[in-house]
Each structure stands twice: as structure tokens, then as C-alpha cells.
Amino acid sequence: MRYRLTFVVGLAVGYVLGAKAGRERYEQLRKSARQVAQNPAVRNTAESAAQQGRHFADKAFHVVSDKVGDRMPDSVAQRVRSLRERGANGSGPDAWGTSNT
């Protein structure tokens with residue numbers, strides 16, 4: 001899915017940059033892109049993807065820190081512990097600096 005989306009975005013950018021249709025066609029494409037971006041279904045899907053990404057990044061962070069924890073310098077290990085404690089409290093930003101809203 002990610003590669004398909006990247007391809008479509010690249011195709012659209014390439015068309016806009018290389019089009020000889022002029023400003024009128026560019027404005028038409030821009031209006032269509034804005035309408036798609038403001039579609040509630042697209043916005044919900046984008047937010048769901050962002051939440052899943054944060055979830056998997058958080059999981060990966062904890063797995064890596066568990067496996068590498070003993071081999072890290074003390075300053076880094078202390079930072080990881082403080083991030084875990086903050087995440088366990090359930091308040092404030094998560095380990096990646098994003099809010100859990």
C-alpha cells in the first residue's frame with residue numbers, strides 16, 4: 001500500500017511539473033488534491049495509519065531497548081528509563097515526542 005501511494009504521489013508530482021497544459025490544469029489538479037485531502041475517509045485513514053505507526057515504533061523501541069539495555073552507556077540507559085517511566089504514567093507525550101490524543 002505504501003509503495004502504491006508513493007507511486008501515485010510521484011506520478012502526480014511528475015505530471016504537474018512536466019505538464020504543458022499550463023496553469024489552468026495545475027489549478028484543477030490542486031483543487032482535486034485539496035478535496036481528496038479534506039475527505040473525512042482519507043483523514044481517518046491517515047490518522048489510523050499514524051496511530052499504527054506510533055504503536056509499532058513504540059513496540060520496536062521497547063524491544064530494542066530490552067535487548068540492548070545492558071550494553072548501552074549509563075547516560076543513554078538513564079534516558080531510556082525516564083522515557084519508560086513517562087510512558088507508564090500515561091501522561092504527556094509518548095517515547096517519540098508525540099501526544100497520545
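## Salt bridges

A salt bridge is a side-chain nitrogen of Lys or Arg within 4 Å of a carboxyl oxygen of Asp or Glu, and the structure, which is a predicted model, holds 2 salt bridges. Side chains of opposite charge can pair when their charged atoms come close.

In one of these salt bridges, the side chains of glutamate 27 and arginine 30 meet at 3.4 Å, N to O. Both residues belong to helix α2, which covers residues 23-37, and they are 3 residues apart, or about one turn of the helix. An α-helix has 3.6 residues a turn, so residues three or four places apart point the same way. Glutamate 27 counts as partly exposed because its relative accessibility is 30%, and arginine 30 counts as partly exposed at 38%.

The side chains of arginine 54 and glutamate 47 also meet in a salt bridge, with a distance of 3.4 Å from N to O. Here arginine 54 has a relative accessible area of 23% and is therefore partly exposed, while glutamate 47, at 37% relative accessibility, is partly exposed as well.

## Overall fold

The protein has 4 helices and 0 strands, so that reading along the sequence gives the pattern α-α-α-α. Of its 101 residues, 8% count as buried, where buried means under 20% relative accessible area. Its accessible surface comes to about 8,600 Å², and 57% of that surface belongs to carbon and sulfur atoms.

Helix α1 runs through residues 2-18. Its 17 residues should span 24 Å at 1.5 Å a residue, and this agrees with the model because the end C-alpha atoms of α1 are 24 Å apart. The number of buried residues among the 17 of α1 is 0, so this helix lies largely in the open.

Leu5, Val9, Val13 and Leu17 make a nonpolar surface patch of about 410 Å². Leucine 17, which has its place in helix α1, counts as exposed because its relative accessibility is 71%, and exposed means over 50%.

## Helix α3 and its start

Helix α3 covers residues 40-68, a run of 29 residues, and reaches 41 Å from its first C-alpha to its last, which is close to the 42 Å expected at 1.5 Å a residue. At the start of α3, a side-chain oxygen of asparagine 39 comes to within 2.9 Å of the backbone nitrogen of alanine 41.

Technical notes. Residues numbered from 1 in each chain as written. Predicted model: local features only at pLDDT ≥ 70, side-chain atom pairs only at ≥ 80, totals over all residues. Heavy atoms only, no water. Helix = DSSP H or I, 4+ residues; strand = E, 2+ residues; numbered from the N terminus. Expected span 1.5 Å × (residues − 1). Polar contact = N/O pair within 3.5 Å; in protein donor to acceptor, adjacent residues only side chain to side chain. Buried < 20%, exposed > 50% of the residue type's maximum accessible area, 1.4 Å probe, protein only. Areas by Shrake-Rupley, 256 points an atom, 1.4 Å probe, with all protein chains shown as cover. Patch = residues over 30% accessible without salt bridge, like charges linked within 9 Å, V, L, I, M, F, W, Y side chains within 5 Å.
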